[in-house]
Amino acid sequence: MGNTRGSVRIVVAVVGVVVVAAYAALLAVNALVLDPLAAVPGRSLAQIYARVDVSNDVTQDVVGVIVVAGIGIGLAVTAAAVGLASRLPATVIAVLHLGVLAAGGLATFQSGFFLGMDVADSWPTDGAAHTIWAGVLYLTSLAALVAIPGVLFATMIRTRNTQRRQQLAAG
């Protein structure tokens, strides 16, 4: 039984890192490629970046988005490593990763400012999100936030039922 729990913990930790990494990748691709292309239709990404680079530093924008995405991945790897090293239950490791995903909403908002505002300053467009993908990221973060109490509640009920069964068996 202990080995099965250990395997479940490893799977939850790995899946958590993979899901957060996928979220971070979509965040970066949306902020650096998809949104600028949608904001300035008919122009290539190279044309958009060249015009933005005249008055703003595109490299700084790119680095900012990559750092934000990298922080999320780093937090997910840390949650997995600490969770496994500390032998935390799989549900706790899952909640840690859900917390990182929930915080991704703030990262999505922040990453939209880096290049998004510079594109808006350089082209006749606004600084709002121009693709559906920002909404997908926000909804994913909201779902993760809602899932946290759900996972904790389900764990509490399961633990309480296990304790009752043990009491009935003993008494």
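**Helix α3**

I started with α3, which runs over residues 58-85 and has 28 residues. From its first C-alpha to its last I get 40 Å, close to the 40 Å expected at 1.5 Å a residue. A reminder to myself: this is a predicted model, and I read every entry here with that in mind.

Next I asked which residues of α3 are buried. My list reads Val58, Asp61, Gly64, Val65, Val68, Ala69, Gly72, Ala76, Ala79, Ala80 and Gly83.

Then I looked at both ends of the helix. At the start of α3, Asp57 brings a side-chain oxygen to within 3.2 Å of the backbone nitrogen of Thr59. After α3 comes Arg87, and I noted its positive phi, near 55°.

**Aromatic rings**

How many aromatic pairs does a search of the whole structure find? I got one. The partners are Phe109 and Phe113, with ring centres 5.0 Å apart and planes at 75°, so I wrote the pair down as edge-to-face. The cut-off behind that call is over 60 degrees between the planes.

Where do Phe109 and Phe113 lie? Both are in helix α4, residues 90-122, and they sit four residues apart, about one turn of the helix.

Arg51 lies over the face of Trp123, at 4.2 Å from the ring centre.

**The largest pocket**

I turned to pockets next. The largest pocket holds about 370 Å³ of space. Its lining is made by Arg5, Val8, Arg9, Arg87, Leu88, Pro89, Ala90, Thr91, Thr155, Arg158, Thr159 and Thr162.

Of the elements, α5 gives the most, with four residues.

**Ala170**

My last stop was Ala170, which has its place in helix α5. Is Ala170 buried or exposed? At 71% relative accessibility, Ala170 counts as exposed, because the cut-off for that word is over 50%.

I also took a distance from Ala170 to Ser86, a residue 84 positions away along the chain. Their C-alpha atoms are separated by 30 Å.

Technical notes. Residues are numbered from 1 along each chain as its sequence is written. This is a predicted model: local features need pLDDT of at least 70, side-chain atom pairs count only at pLDDT 80 or more; totals for chains, interfaces and linings use all residues. Side-chain values use heavy atoms; hydrogens and water are left out. Helices (H or I, at least four residues) and strands (E, at least two) are DSSP runs, numbered from the N terminus. The expected span of a helix is 1.5 Å times one less than its number of residues. Buried means under 20% relative accessible area, exposed over 50%, partly exposed in between (1.4 Å probe, protein chains only). A polar contact is a pair of N or O atoms within 3.5 Å; within protein, one must be able to donate a hydrogen and the other to accept it, and residues adjacent in sequence count only if both atoms are side-chain atoms. Rings of Phe, Tyr and Trp (its six-membered ring) pair if their centres lie within 6.5 Å; planes under 30 degrees apart count as stacked, over 60 as edge-to-face and the rest as tilted. A charge sits over a ring if NZ of Lys or CZ of Arg is within 6 Å of the ring centre and within 35 degrees of the ring normal. On a 1 Å grid over the protein atoms alone, a cavity is a set of points where a 1.4 Å probe fits but cannot get out, and a pocket is an open set with protein on both sides within 12 Å along at least five of seven lines; lining residues have an atom within 4 Å of a point. Grid points are joined across faces, edges and corners, and a volume is the space filled by probe spheres set on the points.
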